[in-house]
Structures are given as C-alpha cells and as structure tokens.
Amino acid sequence: MAFAKPARLKKVKRLLPALVAVAVYAALPALGLRGYWLDVLTRANIFLLITLSLDLYSGTTLYLNLGIPFTVGTAAYALAILNGFYGVPVEYGILPAVLVSVALSFAIFLPSLRVRGAYFSILSLLLPIIAAGLVTSQPISLYLGGEGGISFSPLLFSYARTLPLRERVPFLQSSHFYISVAAAALALAIAYKVAYSDFGFMMRSIGQDELLAEASGIDTLRVKLLGFIVSSSLAAFAGALYAAMRPPVTSEVFIPANTLVPPLTAMILGGMGTILGPVAANYLTLIVYEALWDVLGRWRSVLYMALLILLVLLKPQGVIYHSYLKMKRSILFRISGARGG
Amino acid sequence: MEELRYVLVFGLFHSVTYMVFSLGFSLVFGVARLPNLSYGALYVLTGYLVYVLANQLGVPFYAAVSASLLATAAVSLAVGEIAIRPVLRFPVSVFVTTMAIAYILEEFFRMQMGLKPVTLPYYPGTTTLFGIPVSNHWLLVTGVCLLMLLALLAFLFKTNTGKAVRAVAESWEESMRLGINPLRVLRAALLVSGLYAALTSILLTPLKALTPSAGWVPLFAAFAIVVMGGLGNVLGTVVASLAYGFAEQLVVYTLGGGIARVVPLVLIVLVLVLRPHGFFGRGE
C-alpha cells in the first residue's frame, strides 16, 4: 500500500504535459478564439471520435470497416427522427440515437463478421452508399426530407434563445466546442485504455494472424463482436453529436468522401492501431484541409485521396507515430549518452 | 399479370447486362483475389468520354466509342499498376487504394461534368415483345451482351492467355511453378475487365442516365452476383445474374426503384448467412 501513492503520482507526472496541452486547447475560446476556426476545431474534435473508432477496430484487427459512415449517419438520422417526429429534445435524444445506430450496425454487420477476407470490407462500403440512396429516393425521402434532410434547432439552442440576440451565436459556438472537447477527451481515454488492454492485444492478434489467435485460445468471434460494438459506439456518438450541433441532417453524412476518407487518412498517416498517431494526424489533416480551401478549392479533396494512395503505397505503417518514436528514442539516447560520457 | 410480364422481360434485359458487367469484375477479383472498387468508376468514365468526344468535340460516334474503349482499358491497366499490383500482399490496402481512385475519378467528373445526368444516342424504334413495347436498343444490348459472353468463354477456354487466367485464379503459386507469370496474367485480366466495363457503359448509358456516382450501384450488383455465383465460376455468375436481374426488377415493379437499392445488400447478407462460398462455389 505504501507504494501505491508514489506510483500514482508518477503516472500523473508522466501524463502532466498531455493534460496541460488538453487544458490549454480546451481554453482556446476563453483565450479569444472565435468564429470559423473555432467551428473547424469543433468539427475536428468530433471527427476524432470517428478516427478513434476506425483505429480502435480496423487499425488493430485489420478488418477494414468502410461502413463507418453508415453508423455515423444512422445515429444522425435517429436523432433527427426522434426530434422531428417524436419531439424528443436534442439533448436527450443523443443517447437513444447512439443505441439505435449501434444496434442497427451490429445487426447488419453480424453475418459478415463471421467470415474472413474481403467480404467484410466490401459489405461495409455497400451500407453507407445504399443508405445515402435510400434516404434520397421515394418513398423514404417523403418522410426523411430527401435532399434537404431533416432540420431542427441545434444542441443548447433552447437555452441560447434566452440570451440577447448578439450573444447567441458565440454562446453556441463556444459551448459546442467545450462539449466536443469533453467528448473527444473521453473517447481518447476509452480508446487508449481499450487498445492497450489485454482485450486490445487480442484484437491485434487477430490482425496478425487470425487462425493462430484462435489456436492460442482466443475466442476471435467474440473479440471481433465486442470490438465492433465499442468502435461503433464511438462512431455513433460522433454522428449524433455532429447532427445535434450542425442541423439539418442530410444524406451527406452517409457519403464516404465526407465521413470516411478524412478519418481513414488520419488513421493511415498516424500509423494504424497506435491511437496517438491518428489523433495527431486527425487534427493535422483537418486543419490543413480547411486551410487549403483558399488555395485549391474543390481540388483539395482530390489531393486528399491522392495523399491517401501515396501513403498506402509508400508508408503503409504510417508516418507520425513512428517518427515520434524515433525522435523520442534519439532524445533519450542523447541524454543517456551525455550522462555516460 | 401485366407487371409480371414486365418483370420477366426487363428482368432478362437487366440480367444480361449485369452478367457481362460482373464477369469483367470477377476476372480481376479472381486473379488478384481482391476486388477492384474502382471498376464502377471505369463504367462512368467511358460514358463521359464518349459524351464529351461525340457531343462536345464533334468526333464521329464510332470513333469516339473506339477511342473511349481504348482509353478505359488503359485506365484499367493504370489502376492495376498503381493501386492493385503494389499492394497485392496487403489485402487491407487494396480497398483504400482502389476506393480512393474511384473517389478521385468521381470528384473529377463532378467538377468537370456537374451533376446533370448525361445520356448517349440510342438505337431507334420499338418492338412489341410478349405484348410489351420494348425499345430496340434493349434488343441490341441483349445481342451484344450474349456475344460478349461467348467471346469471354472463347477467351477463357480456347486461348493460352485465358487458360493462364483460369490457372492463376485457381492457384497463384501452382501457376508460377508451371511457368506462368501471374503479373502478366493480371494485366491481361485488367485489360479485358476494363473493356467489359467500357462496353457495358456504352450499351447502357443511352437507357440509364449517367451521373458522377452512377458506378456504385452496378459495382455492388456485380459484387453481389460474384458472391452468389462463386468467385471464378462463369456458369455460377450467369445463373446468379439472372436471379439478381429478376429479383431486382420484381422489387422495382412492386416496391419501387428506391427500395430496389437494398436488393444487393439483402442478397449478399443472405448468401453470407446461408452459403458463405456462394451457391455454386466450392468450399475452401
């Protein structure tokens, strides 16, 4: 027992720089950041959940889930339907929407999780594209608003309405930012914990060699199913939050170019399965993407995909996490080398 | 009863086009063991190429068609060199690379051609078939598709390259031991597959509007058919495309075209639950 305290202190000390960084980041609106770039960061925070969802499952098991937009989109639509048809306030609709989306994704993916190989990935890509088609074509579009989508008032709007007119938009922007930071931090803690737990290593063993994993006594199907549920919950949470902050909900959420390619690029750029690499890459790519708008216009998404191909071909192990490790090693080496000399 | 006749006639027409399209898809799928997700984008590419050459640049129609066929086959080869060959050992990557190429092409079409649907000239006139007026173009399509099936069978069973394609699809290692170069075979498969996507596009674009994202629906239809028929099984593919075409038209006439989008999903899920190796495939 006597050792417990110093050990915990040491852990806190080690985490201190990260905690400070998060605190400074979370305080950005208080430090005067407003408007467009605050919105960009809010979106990056929400996309972090999708990146983590992808990295936690596909980055470790190497079952590439291209159906993330389906989970994100069904959560968004579930929230919109709960609000628009049943009058559930957006604030209370988020959790039910996440549950609906996870249950739906799980039910549809279940048969393909049982088989190995290409089926899972291609079936997963099929889902969002079908969903995007379904919600924009009759008869379903008659209920779900077709291309225009479903509109409702955003998260915390009922409170913002009580404020003077001039303060409403800044209040919504900064409160949404705080909520998204909290969600991102929570998701990061969960993803990190899971990825480096025994369970996380079981998922990695499936990615390495599924038959071998099974032979060494891992119930691979159970691990895949559980991992899928944890990962989908993150993606569904991202979808519901995003919808709650940025109504209307349209078929755009199902389009892989919007909700799959950015997290996928972040995952590969950061280093699959490393959690921290994709987190850094998520912010880097999304901020660079926004900054490129003035320079490249619509060509930026073509550039994005080209980058994705180049990365996969030249650096399939990712860039950020590995260069971070290298840098850390060389610094440690220099310090210890200096001591030794 | 009239609906049933429509389902039968148009189910047959759609089946033969799906058959040709999915045969092209399964060639590369069989040889590389990996699906080429940009196959649908090749279909869209040809349609736009013919449209731009013939309608906007005034090239004679048949010259435009031939040029587009060659260009699509070349793009198919390029996709193989860029996105499939380097990542053959990493199955996860091929999804990323070929999907990214499909989206690059789609985004490019969206910027250059806009979202307005495009069509091509069709063979004029109508014929009455089982009491249903049918555009003569459908008859032309069916004829050409059946010819393409025969040509593919001749290629696979009579030519050395075709036999090599079948050998590599059977076993990559074994065919190498027999002195076959699988990479060359992969190129041949990509070339034929590109041609088949292009021909289907030229045949079908006059009947179906072409939009930048029009390639996904046939791609997934092809995937569903290959899953149902068993990979690398020509007879299975033919039967599966008939089943798919009739099932799809049945849903179109009873529940509407919007709901029909779910057909490939339902069929794939059914096959995965009941027969993971396809209804005609052999167990591994």
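A: A definition to start: angles under 35 degrees count as roughly parallel, over 145 as roughly antiparallel, 65 to 115 as roughly perpendicular and the rest as oblique. Axes are lines fitted to C-alpha atoms, for helices over the stretch in contact, and angles run from 0 to 180 degrees between N-to-C directions. Helices (H or I, at least four residues) and strands (E, at least two) are DSSP runs, numbered from the N terminus.

Q: What should I know about the model and its numbering?
A: This is a predicted model: local features need pLDDT of at least 70, side-chain atom pairs count only at pLDDT 80 or more, and totals for chains, interfaces and linings use all residues. Residues are numbered from 1 along each chain as its sequence is written, while chains are lettered from A and ligands numbered from 1 in the order in which they are written.

Q: At what angle do helix H2 and helix H4 of chain B cross?
A: Roughly 25 degrees, for H2 (residues 39-56) and H4 (residues 91-113) of chain B, and their axes come within 9 Å. H2(B) and H4(B) are therefore roughly parallel to each other.

Q: Left-handed or right-handed, that crossing of H2(B) and H4(B)?
A: The crossing of H2(B) and H4(B) is left-handed. The term means that the near helix is turned anticlockwise from the far one by less than a right angle; clockwise would be right-handed.

Q: Which residues meet there, from H2(B) and H4(B)?
A: H2(B) brings B:Gly40, B:Ala41, B:Val44, B:Leu45 and B:Tyr48. They meet B:Ile101, B:Ala102, B:Leu105, B:Glu106, B:Phe109 and B:Met113 of H4(B). Two residues are in contact if their C-beta atoms, placed from the backbone, lie within 7 Å. By class, the contact of H2(B) with H4(B) has nine nonpolar, one polar and one charged residues. Ala, Val, Leu, Ile, Met, Phe, Trp, Tyr, Cys and Pro count as nonpolar, Asp, Glu, Lys and Arg as charged, and the others, Gly among them, as polar.

Q: How do H2(B) and H9(B) pack?
A: At an angle of about 135 degrees, with the axes of H2(B) and H9(B) 8 Å apart. H2(B) and H9(B) are therefore oblique to each other. Their crossing is right-handed. In H2(B), B:Tyr39, B:Gly40 and B:Tyr43 meet B:Trp216, B:Pro218 and B:Leu219 in H9(B). The contact of H2(B) with H9(B) has five nonpolar, one polar and no charged residues.

Q: And what about helix H3 and helix H8 of chain B?
A: The axes of H3 (residues 61-84) and H8 (residues 182-204) of chain B come within 8 Å and cross at roughly 140 degrees. That makes H3(B) oblique to H8(B). The crossing is right-handed. Residues in H3(B) that take part include B:Val65, B:Leu69 and B:Gly80. Among those in H8(B) are B:Leu186, B:Arg187 and B:Ile202. The contact of H3(B) with H8(B) divides into 13 nonpolar, six polar and one charged.

Q: Zooming out: which domains does chain B have?
A: Domain 1 (1-23 + 215-284) and domain 2 (33-118 + 159-207). The bounds come from an automatic or database domain assignment. The C-alpha centres of the two domains of chain B lie 21 Å apart. 10 residues of domain 1 are in contact with 13 residues of domain 2 of chain B. On the domain 1 side, helix H1 (2-32) and helix H9 (216-229) of chain B each give two or more residues.

Q: How many helices and strands does chain B have?
A: 11 helices and two strands in chain B. The radius of gyration of chain B is 19 Å, close to the 19 Å that the globule rule gives for 284 residues, so chain B is as compact as a globular protein of that length. That radius is taken over C-alpha atoms; the rule is 2.2 Å times the number of residues to the power 0.38.

Q: How many in chain A?
A: 17 helices and zero strands in chain A.

Q: Where is the cis peptide bond?
A: Between A:Pro247 and A:Pro248, with omega about 0 degrees. A:Pro248 is in the loop between helix H11 (220-245) and helix H12 (256-259) of chain A.
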